[in-house]
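Here is my notebook from a browse through one model. Have the viewer open and follow along.

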Amino acid sequence: MTAYAGCLRIALDLAARGVPVLPLSRDKRPVANCRACRDNVCGGRPVMKTPGPCLCPRSCHGWAAATTDPSVLTSGAWAAAWRQAGAVGYHPGAAGLTVVDLDSPDAVAWARGALPATRTVSSTRGQHWIYLGAMSSHNGVRPKVDLKSSMAYARWLGPGAGTMVRLPDAVRALSVREETTPARGRVVSSALGPATFHQGVACGCRHTETYLREALARGLALIAAKSESGAGGQTFGVARFLAAQHATCPGPCSLAPVREQLVAAAVAVGVPEPYAERAVTRGFADAGAAT
């Protein structure tokens, strides 16, 4: 079987299982854009960082070209790309997956002690750990550790071994922690006042005002304790925990005051405000609470 036929057969099999795929060249990168799309002059495909009206029938724009449509994969427009292909890539986020790319033995050893076991696939220098659930993609969240999910591609290395589990908070928090760890020597804002929460802002809440205030106070204390590093990840975890307490309330439970105080607490220990807001938003969303 030729490399062309072998890659296409794998791609069609993955596409039939709902995994969007694309050809990768022998250097493991997406096949280069055609002349009409070079340097993104076409505007890019939808959902690219620079959205545009590109309707190129070829496999241009990397992960954004990934598809499950067999008529596209076997089309004449894609034939030249498959002839150049040395591997098959896929778009994890569109398949509802996140790949933790561990690119060294040390990174693999770290993951075994820090992350829940899931399906693993051996790579050239390490392993891919694959979880059920999509998130934003980030490179370099730890030495030799990348997160590949939405707006990214991963190389197909085989089905792997082990049972795939849901994307854990420990992986989501890696992206927040990387973005929000305060720089050394940064001046920390003055301490926050006491936690405030009154039940009037949560008329459908099933909790007592004392419970709400104490829970918020404990959460703020946890964030304040991360003055050296890890405040972003802690903020995400606190936001997720607090929001989860309201997931079964008759509601609506307006958590806007809680959001404001969590963001302020993170900013007070050196987290940039946009990152603090993102950590809280992700925490609330991950808890599934109506806010």
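Which residue in β5 is the bridge partner of Val121? I looked it up, and the partner is His128.

**Ground rules.** I am working on a predicted model, where local features need pLDDT of at least 70, side-chain atom pairs count only at pLDDT 80 or more, and totals for chains, interfaces and linings use all residues. Residues are numbered from 1 along each chain as its sequence is written, and side-chain values use heavy atoms, with hydrogens and water left out.

**Entry 1, the sheet.** β4 and β5 (residues 127–132) run antiparallel to each other and share four bridges. I note that two strands pair if DSSP finds at least two bridges between them. Helices (H or I, at least four residues) and strands (E, at least two) are DSSP runs, numbered from the N terminus. Both strands belong to an open sheet of five, in the order β4-β5-β3-β7-β6, with antiparallel pairing. At the edges I find β4 (119–122) and β6 (138–142), each pairing on one side only. On average, neighbouring strands of this sheet are turned by 25° against each other, direction ignored.

**Entry 2, α8 against α9.** Two packed helices are described by the angle between their axes and the distance between the axes. For α8 (residues 256–268) and α9 (residues 273–287) I read an angle of about 135° and axes 9 Å apart. Axes here are lines fitted to C-alpha atoms, for helices over the stretch in contact, and angles run from 0 to 180 degrees between N-to-C directions. The two helices are therefore oblique to each other; angles under 35 degrees count as roughly parallel, over 145 as roughly antiparallel, 65 to 115 as roughly perpendicular and the rest as oblique. On the α8 side, the contact (heavy atoms within 4.5 Å) includes Val258, Leu262 and Ala266. On the α9 side, I picked out Val280 and Phe284 among them. By class, I get eight nonpolar, one polar and three charged residues in this contact. The classes are: Ala, Val, Leu, Ile, Met, Phe, Trp, Tyr, Cys and Pro nonpolar, Asp, Glu, Lys and Arg charged, and the others, Gly among them, polar.

How do the axes of α7 and α8 cross? They come within 10 Å and cross at roughly 165°, which makes α7 (residues 231–244) roughly antiparallel to α8. Thr235, Val238, Ala239 and Leu242 of α7 meet Val258, Leu262 and Ala266 of α8. This contact divides into six nonpolar, one polar and no charged residues.

I found Val31 in the loop between β1 (21–25) and α2 (70–73). Is Val31 buried or exposed? It is buried, at a relative accessible area of 8%; buried means under 20%, exposed over 50%, partly exposed in between (1.4 Å probe, protein chains only). Leaving out residues up to four places away in sequence, Val31 touches Pro23, Leu24, Ser25, Ser59, Ala81 and Gln84.

Most residues other than glycine have a negative phi. Lys28, not a glycine, has a positive phi of about 70°. Lys28 sits in the loop between β1 and α2 and is partly exposed at 33% relative accessibility. Met151 also is not a glycine and has a positive phi, of about 55°. The loop of Met151 lies between β7 (145–148) and β8 (154–155), and Met151 is partly exposed at 38%.
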